[in-house]
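Reader: I would like to go through this chain from its secondary structure to its cores. Please take one feature at a time.

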Amino acid sequence: MLDTVEETTSSLFEFITFSAGGQNFCLEITQIREIRRWTPVTALPHTPNDVLGVMNLRGAVIPIFDLAAKFNLGSTQDSERNVVIVASASGTTIGLLVESVSEILSVETSAIQETPDIKSEATRQSILGVISVEEAMVRVVNLEAVLEKDPGTPA
């Protein structure tokens, strides 16, 4: 079901949960390199609205995405709580601006439900599944989809 999530020997998955656009999301913990305080980035011309710019991370220049903007949930408002999650997918390192990081979530494989079919290809590509946590739903982000060009845009 979750092709990009590696299963542990006990069939538990560990995720870091965070908020973007007022919604709950998570990434598998092995995809995350570090979590940093928000600092201004260097903007680049002609970038999509969800690309804020680039940041120097110990000599490597990485793109910084506003995850809320990427998922059409509005732009992330400036706040002291904002953080950048530095993550890797397919050998590419990126930063994701989010509102806040919440907790580490350990769940059994059976707790991860498939993304409902809501007739949106972008949703099916961006969200690998959903996890019910108390009264909320946490979406499992497909980091590969964040790196891909928006569906429906010309090549």
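Reader: How many helices and strands does the chain have?

Author: This is a predicted model. Its chain has three helices and 11 strands. Read from the N terminus, the order of elements is β-β-β-β-β-α-β-β-β-β-α-β-β-α.

Reader: Among contacts between residues at least 6 apart in sequence, what share joins residues at least 24 apart?

Author: Contact here means heavy atoms within 4.5 Å. In this chain the share is 56%.

Reader: What percentage of the chain is buried?

Author: A residue is called buried when its relative accessible area is under 20%. Of the 155 residues in the chain, 41% are buried. The chain exposes about 8800 Å², and carbon and sulfur atoms account for 49% of that area.

Reader: Which residues of the largest nonpolar core touch the most other members?

Author: A nonpolar core joins buried residues of the nonpolar kinds through side-chain atoms. The largest one here has 21 residues, and Phe18, Leu27, Leu67, Leu96 and Val146 touch the most other members. At least two residues come from each of β1 (12-20), β2 (23-28), β6 (83-89), β7 (92-98) and α3 (143-147). β6 contributes the most, four residues.

Reader: Leaving aside neighbours within four places in sequence, what is Phe18 in contact with?

Author: Its partners beyond those neighbours include Phe25, Leu27, Leu67, Ile85, Val98 and Val141. Gln23, Asn24, Ser100 and Ser102 are also among them.

Reader: Which residues does the second core include?

Author: That core is separate and has 10 residues, among them Leu105, Ile131, Val138 and Val140.

Terms used:
Residues are numbered from 1 along each chain as its sequence is written. This is a predicted model: local features need pLDDT of at least 70, side-chain atom pairs count only at pLDDT 80 or more; totals for chains, interfaces and linings use all residues. Side-chain values use heavy atoms; hydrogens and water are left out. A nonpolar core is a set of buried Ala, Val, Leu, Ile, Met, Phe, Trp, Tyr and Cys residues joined through side-chain atoms within 4.5 Å. Buried means under 20% relative accessible area, exposed over 50%, partly exposed in between (1.4 Å probe, protein chains only). Accessible areas come from the Shrake-Rupley method with a 1.4 Å probe; for residues, only the protein chains shown count as cover.
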